[in-house]
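Welcome! Here is a short briefing to read alongside the sequence and the 3D view. Please take a look at both before moving on.

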Amino acid sequence: MKIVIVNQHVSDVIGGSEIQCDLISRELLSRGHEVVYVAPTKSEPQQVVGEYPYSLCSVNYDAKSISLEVLSHQPDIVYWRLNKHGFRHFAKKMYDHAIPLVFAVSHVNDVTPWSAKPAFGVKGRVRMLYWLIKSRYNHGGFKYVDSLTTLNQDLKDKVKVRYQYHVPNAMVEEVEGVVWPRPYCIWISSIKKSKRPEVYVDLAKKLSGLGIDFLMVGPIQDDDYLWLEEKSKLPENFHFLGAMTVKQVNGLLAESLFHVHTCMPEGFGNVFIQAWLQGKASVSFGYDPSGYLASHELGFDANEDFNVFCEKAKLLITDVNLRDQAGSRAKNFAKENFSVAKLGANVERVLLETLERK
């Protein structure tokens, strides 16, 4: 097959879906397919040569530019993972040219007709209304979709696409050693309101007498959180480390006691997979992806009850046997369900079955 993958690229934006699309591209290439990665960018498009094994084409971040670039490659099939940005226009163009289209759901907003990020103030509310209308308009693009994949079982069958598949994410396991002098738990994400990093800081304050550190890793994407860089405003047991590579994050997870999550529900969260592959349980403030924490006993979800959140984190700090057993279950579960090879095989199967139906 000649496959075009559409999403922003890790050379421009390091995010969960970008990491997944890079892994998928490499796996499909290794399986003998021709892969072209069309990468919309909000900066000036630049040709990236030689760094990636697949063809990488940078284009302007608008539906018309993306459509023209994709059509110029004459693909057998398209794998779209750019949420609903300009999606209706793009999907209609693929339909008009009889090119099969697979939509990869990576966020709950993808399957929510009226969706927008929360905003505040008069200008924020006007902007939010604009995005709600755009979301609903682009939602109409699903009528042109041949197949849909979801990274989370809870997001299946939320839109009217006949053929839907659950395709879990994957993560690499390689580690780069990062030494920390004291026992610690760790929180990893980009830092903005939807990730609720302040809840993790509050957890560190509440459990300050237990002799462990609370590490936070991730880039600050909202200036309202610049205070995380001011040590004088933080508890002594809390340490903000900033952005790190995937391998460095894996290294920190490997030596941690457990992983802590405070983000609002989105898609699945690569960090869960990273933590579990390193044999670490998760304590979540209010999100249990696909119900796995409960059903497979991989940690705890506090259902947004801060007292329960503190109680479960304290339990994993003090009960070594419980922590080790949950971590062992997490590793076995992740190895079985979230391997890169399995991700590649699953996506390949979806693409082949979609083509066969045409």
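The largest cavity is lined by Tyr79, Arg81, Ala104, Val105, Thr149, Thr150, Leu151, Val167, Pro168, Asn169 and Leu343. This is a predicted model, in which local features need pLDDT of at least 70 and side-chain atom pairs count only at pLDDT 80 or more, while totals for chains, interfaces and linings use all residues. Residues are numbered from 1 along each chain as its sequence is written, and side-chain values use heavy atoms, with hydrogens and water left out.

**The cavity**

- The structure holds one cavity of 30 Å³ or more, and the volume of the largest cavity is about 50 Å³.
- A cavity here is a set of points, on a 1 Å grid over the protein atoms alone, where a 1.4 Å probe fits but cannot get out; lining residues have an atom within 4 Å of a point.
- Grid points are joined across faces, edges and corners, and the volume is the space filled by probe spheres set on the points.
- The lining of the largest cavity divides into seven nonpolar residues, three polar and one charged; Ala, Val, Leu, Ile, Met, Phe, Trp, Tyr, Cys and Pro count as nonpolar, Asp, Glu, Lys and Arg as charged, and the others, Gly among them, as polar.
- Strand E5 (101–105) and strand E6 (147–150) each supply at least two residues of this lining; helices (H or I, at least four residues) and strands (E, at least two) are DSSP runs, numbered from the N terminus.

**A buried aspartate**

- Aspartate 110 sits in the loop between E5 and helix H4 (121–139).
- Aspartate 110 is buried yet has no salt bridge, and the nearest side chain of opposite charge, lysine 84, is 6.5 Å away.
- Buried means under 20% relative accessible area, exposed over 50%, and partly exposed in between (1.4 Å probe, protein chains only).
- For charge, Lys and Arg count as positive and Asp and Glu as negative; His and the chain ends are not counted.
- A salt bridge is a side-chain nitrogen of Lys or Arg within 4 Å of a carboxyl oxygen of Asp or Glu.
- The side chain of aspartate 110 does reach the backbone nitrogen of serine 106 at 2.9 Å, and a polar contact of 2.9 Å joins it to the side chain of asparagine 83.
- A polar contact is a pair of N or O atoms within 3.5 Å; within protein, one must be able to donate a hydrogen and the other to accept it, and residues adjacent in sequence count only if both atoms are side-chain atoms.

**Positive phi angles**

- Most residues other than glycine have a negative phi.
- Alanine 98, in the loop between helix H3 (87–96) and E5, has a positive phi near 55 degrees and is exposed at 61% relative accessible area.
- Aspartate 157, in the loop between E6 and E7, has a positive phi of about 60 degrees and is exposed at 59%.

**Salt bridges**

- The structure holds 15 salt bridges.
- One of them joins glutamate 304 and arginine 196 (3.0 Å, N to O). Both residues lie in loops, so the pair ties together parts that are 108 residues apart in sequence.
- Glutamate 304 is partly exposed at 45%, whereas arginine 196 is buried at 11%.
- Glutamate 353 and arginine 349 also meet in a salt bridge (3.9 Å, N to O); they are four residues apart in helix H11 (residues 340–357), which means a separation of about one helical turn.
- Glu27, Arg31 and Glu348 are linked in a network of salt bridges.

Technical notes: On a 1 Å grid over the protein atoms alone, a cavity is a set of points where a 1.4 Å probe fits but cannot get out, and a pocket is an open set with protein on both sides within 12 Å along at least five of seven lines; lining residues have an atom within 4 Å of a point.
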